Amino acid sequence: MISVIIVNYNAGAELLNCVEALGDDVPIAEILVVDNASVDGSALTCTQRYPHVRVVRSEENLGFAGGANLGAAHATAEILIFLNPDTIPGPGCIDELYQELSARDGVAGPLVSVALYVYNANTGWTTYPLAP
């Protein structure tokens, strides 16, 4: 099973959108929101709307890495997925990631881009495909 850890700092509606996008994906054992001393009430709003979400509060903003470590210390599943609150996972992507990670040992990360996009004020955008 998977623990999804979302590191939050004043993310507002983005946090709610992220949790909503996770839906009821089968391999998710728990969703943890690490609240990095937010003052916007986003963690409270999240737990009111999604009572299954567990909030781990920090008295100070630990940054993403510190928040991720705090979340990992509170997680109960064997596989951990760390998200920024502005992440919107596509339908079934958590399940696919779970299937891949369950089949092997290691660490996975996202493929963010398959091309480099360069903007020049005179010529506009140029696309340079990256090697697979």
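Predicted model: local features only at pLDDT ≥ 70, side-chain atom pairs only at ≥ 80, totals over all residues.
Residues are numbered from 1 along each chain as its sequence is written, and side-chain values use heavy atoms, with hydrogens and water left out.

**Overall layout**

- The protein has 4 helices and 6 strands, these being DSSP runs numbered from the N terminus, with helices (H or I) of at least four residues and strands (E) of at least two.
- Along the sequence, these elements follow the pattern β-α-β-α-β-α-β-α-β-β.
- Of the 132 residues, 35% count as buried, a term that means under 20% relative accessible area, with exposed meaning over 50% and partly exposed in between (1.4 Å probe, protein chains only).
- Among contacts (heavy atoms within 4.5 Å) with a separation of 6 or more, 63% are between residues 24 or more positions apart.
- The protein exposes about 8,200 Å², and carbon and sulfur atoms supply 54% of that area, as calculated by the Shrake-Rupley method with a 1.4 Å probe, where for residues only the protein chains shown count as cover.

**Around Ser-38**

- Ser-38 lies in the loop between strand S2 (28-36) and helix H2 (42-49), and Ser-38 counts as buried because its relative accessible area is 17%.
- Not counting residues up to four places away in sequence, Ser-38 touches Asn-8, Tyr-9 and Asn-10.
- Asn-10, which lies in the loop between strand S1 (2-8) and H1, has a positive phi of about 50 degrees although it is not a glycine, and Asn-10 counts as partly exposed at 27% relative accessibility.
- Ala-37 is found in the loop between S2 and H2, has a positive phi of about 60 degrees although it is not a glycine, and is partly exposed at 25% relative accessibility.

**Packing of H1 against H2**

- Helix H1 (residues 13-22) packs with H2 at an angle of about 35 degrees, with the axes 9 Å apart; axes are lines fitted to C-alpha atoms, for helices over the stretch in contact, and angles run from 0 to 180 degrees between N-to-C directions.
- The crossing of H1 and H2 is right-handed, the term used if the near helix is turned clockwise from the far one by less than a right angle, and left-handed if anticlockwise.
- On the H1 side the contact is made by Leu-15, Leu-16 and Val-19, and on the H2 side by Ser-42, Ala-43, Thr-45, Cys-46 and Arg-49.
- By class, this contact has 5 nonpolar, 2 polar and 1 charged residues, where Ala, Val, Leu, Ile, Met, Phe, Trp, Tyr, Cys and Pro count as nonpolar, Asp, Glu, Lys and Arg as charged, and the others, Gly among them, as polar.

- Leu-83 lies in strand S4 (residues 79-83) and is buried because its relative accessible area is 9%.
- Leaving aside neighbours within four places in sequence, Leu-83 is in contact with Val-4, Ile-5, Ile-6, Val-7, Cys-18, Leu-22, Phe-64 and Pro-89, and the C-alpha atoms of Leu-83 and Ile-5 are separated by 6.1 Å although the residues are 78 residues apart along the chain.
- Phe-64, in helix H3 (residues 63-74), is partly exposed, with a relative accessible area of 37%.
- Phe-64 is in contact with Val-7, Phe-82, Leu-83 and Asn-84, again leaving aside neighbours within four places in sequence, and the C-alpha atoms of Phe-64 and Asn-8, 56 residues apart along the chain, are separated by 8.3 Å.
- Gly-67 is found in helix H3 as well, and Gly-67 counts as buried because its relative accessibility is 0%.
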